[in-house]
Amino acid sequence: RRCRGNYQQFLPKITQVVGALQFAPDDSMVATYSWASKAQVWNPLTRENLATWDKISSFGGFAADGAYLLLGGVDGALLLCEPKTGGTKRVVKDAGQLVAFAPGAGLAATVSSNEVLRVLDLATSQVRFSVTNVSRRKLDFGWGDRVNMSPNGKILAVIEPTQEVLR
């Protein structure tokens, strides 16, 4: 449609800063994650709010088939949410903070408070593998995490900061 101009006519009105936005695979929904620790799913044509979750600390996105929306809770749980109803299909407790999601493989990467990166299989909640000494960045909205996964889950990338001191 438009490349410049007033995008508000196409997006829902949100009163807080939006840090992430993603369309469902079939374009029937758009999910937003705001600095108010809130995730919302909207109908992009009618701008109707379909679902809202509070106390959210991170945003994974839609599964490859759109069956669920992956969110990270402020308590370190992963929430597999039903995007059309606002329900929660499943909770993976004590997973850590969500830092990456491979929607095609159903894998999530989390970082624990003791700096352990774990890759979890969302279907079984089992840890596929872990890496120590991986920390999160403090300004996620402006900087992004040091971890990312390819959509099919075959590649995990971790940026390790140098220990050198600049003089």
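Predicted model: local features only at pLDDT ≥ 70, side-chain atom pairs only at ≥ 80, totals over all residues.
**Notebook: salt bridges, rings and sheets**

I began with the charged side chains and found that D121 forms a salt bridge with R128, its closest N and O atoms lying 3.0 Å apart. For the term I used a side-chain nitrogen of Lys or Arg within 4 Å of a carboxyl oxygen of Asp or Glu. By that rule the count comes to two salt bridges. In the other one, E82 is joined to K89, with 3.9 Å between the closest N and O atoms.

Residues are numbered from 1 along each chain as its sequence is written, and side-chain values use heavy atoms, with hydrogens and water left out.

**Entry: around D121**

Is D121 buried or exposed? D121 counts as buried because its relative accessible area is 13%; the cut-offs are under 20% for buried, over 50% for exposed and partly exposed in between (1.4 Å probe, protein chains only). Next I looked at what D121 faces, and L107 stands opposite D121 in β11. Strand β10 (residues 107–111) and strand β11 (residues 116–121) run antiparallel and are joined by five bridges. I took strands as DSSP runs of E with at least two residues, numbered from the N terminus, and two strands as paired if DSSP finds at least two bridges between them.

**Entry: the sheet β9 to β12**

I then followed the whole sheet. Four strands form an open sheet in the order β9-β10-β11-β12, with antiparallel pairing. Its edge strands are β9 and β12 (126–132), each of which pairs on one side only. The twist averages 20° from one strand to the next; for this, axes are lines fitted to C-alpha atoms, and angles run from 0 to 180 degrees between N-to-C directions.

I checked β9 for cover, and six of its six residues are buried. Five bridges join β9 to β10, and these two strands run antiparallel. A100 stands opposite A109 in β10. The hairpin of β9 and β10 has four residues between the strands, and there G106 takes a positive phi near 65°.

Which residue in the loop between β8 (88–92) and β9 did I stop at? D94 is found there, with a positive phi of about 55° although D94 is not a glycine. D94 counts as exposed because its relative accessibility is 64%.

I noted E115 as well, in the loop between β10 and β11. Phi of E115 is near 65°, again a positive value in a residue other than glycine. At 35% relative accessibility, E115 counts as partly exposed.

**Entry: aromatic pairs**

How many aromatic pairs does a search of the whole structure find? The search finds two. I counted rings of Phe, Tyr and Trp (its six-membered ring) as paired if their centres lie within 6.5 Å, calling planes under 30 degrees apart stacked, over 60 edge-to-face and the rest tilted.

The rings of Y33 and F59 have centres 6.3 Å apart and planes at 10°, so this pair is stacked. The pair links distant parts of the chain, with Y33 in strand β2 (residues 30–34) and F59 in strand β5 (residues 56–62), 26 residues apart. Y33 and F59 are both buried.

For Y68 and F101, the ring centres are 6.3 Å apart and the planes at 50°, so this pair is tilted. This pair, too, links distant parts of the chain: Y68 is in the loop between β5 and β6 (69–73), F101 in strand β9 (residues 97–102), and they are 33 residues apart. Y68 and F101 are both buried.

**Entry: the sheet β1 to β4**

Five bridges join β1 to β2, which run antiparallel. Four strands form this open sheet in the order β1-β2-β3-β4, with antiparallel pairing. The edge strands, each pairing on one side only, are β1 (18–23) and β4 (49–54). Neighbouring strands of this sheet are turned by 15° against each other on average, direction ignored.

My last stop was V18, which lies in strand β1. V18 counts as partly exposed because its relative accessibility is 36%.
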